[in-house]
Amino acid sequence: MNSYCSHCGLKFEREQGYFVGAIYINYAATVGIAVPGFFLLDTFTHMTIHQQLALWVPFAVIFPMLFFHHSRSLWLVLDHLFNPAQNLYSVPPKKPA
């Protein structure tokens, strides 16, 4: 991952523990897909529990690793949305009329 955004200069790497929220986003996305997916497959396909586990356990291990960078990006977006950096987008002073 780059240290800074090449376009606006936003610092991506933050203090230790900053991306704990990204872990929660990653976990919520994994559970948000796996649990409804389990119940939908159970309802419409009548798969056995062993077949379901053979599908969803690997999913629950592989998906968070693939979604990791996206969850970090989403966490940065949420942080920037609710706590924008003041010095990134400075407004030029108004010219007197």
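Phe-59 and Phe-63 both belong to helix α2, where they stand four residues apart, about one turn of the helix; helices here are DSSP runs of H or I with at least four residues, numbered from the N terminus. This is a predicted model, in which local features need pLDDT of at least 70, side-chain atom pairs count only at pLDDT 80 or more, and totals for chains, interfaces and linings use all residues. Residues are numbered from 1 along each chain as its sequence is written, and side-chain values use heavy atoms, with hydrogens and water left out.

## Aromatic pairs

Rings of Phe, Tyr and Trp (its six-membered ring) pair if their centres lie within 6.5 Å, and planes under 30 degrees apart count as stacked, over 60 as edge-to-face and the rest as tilted. By this rule there are five aromatic pairs. One of them joins Tyr-18 and Phe-19 edge-to-face, with 4.8 Å from centre to centre and 85 degrees between the planes. The pair of Phe-59 and Phe-63 is stacked, because the ring centres are 5.1 Å apart and the planes are at 20 degrees.

Ring pairs also link Trp-56, Phe-59, Phe-63 and Phe-67 into a cluster.

## Burial and exposure

Buried means under 20% relative accessible area, exposed over 50%, and partly exposed in between (1.4 Å probe, protein chains only). Tyr-18 counts as buried at 12%, as does Phe-19 at 14%. Phe-63 is buried at 18% relative accessibility, whereas Phe-59, at 21%, is partly exposed. Leu-66, which has its place in helix α2 (residues 49–82), is exposed, with a relative accessible area of 62%.

Conventions:
Helix = DSSP H or I, 4+ residues; strand = E, 2+ residues; numbered from the N terminus.
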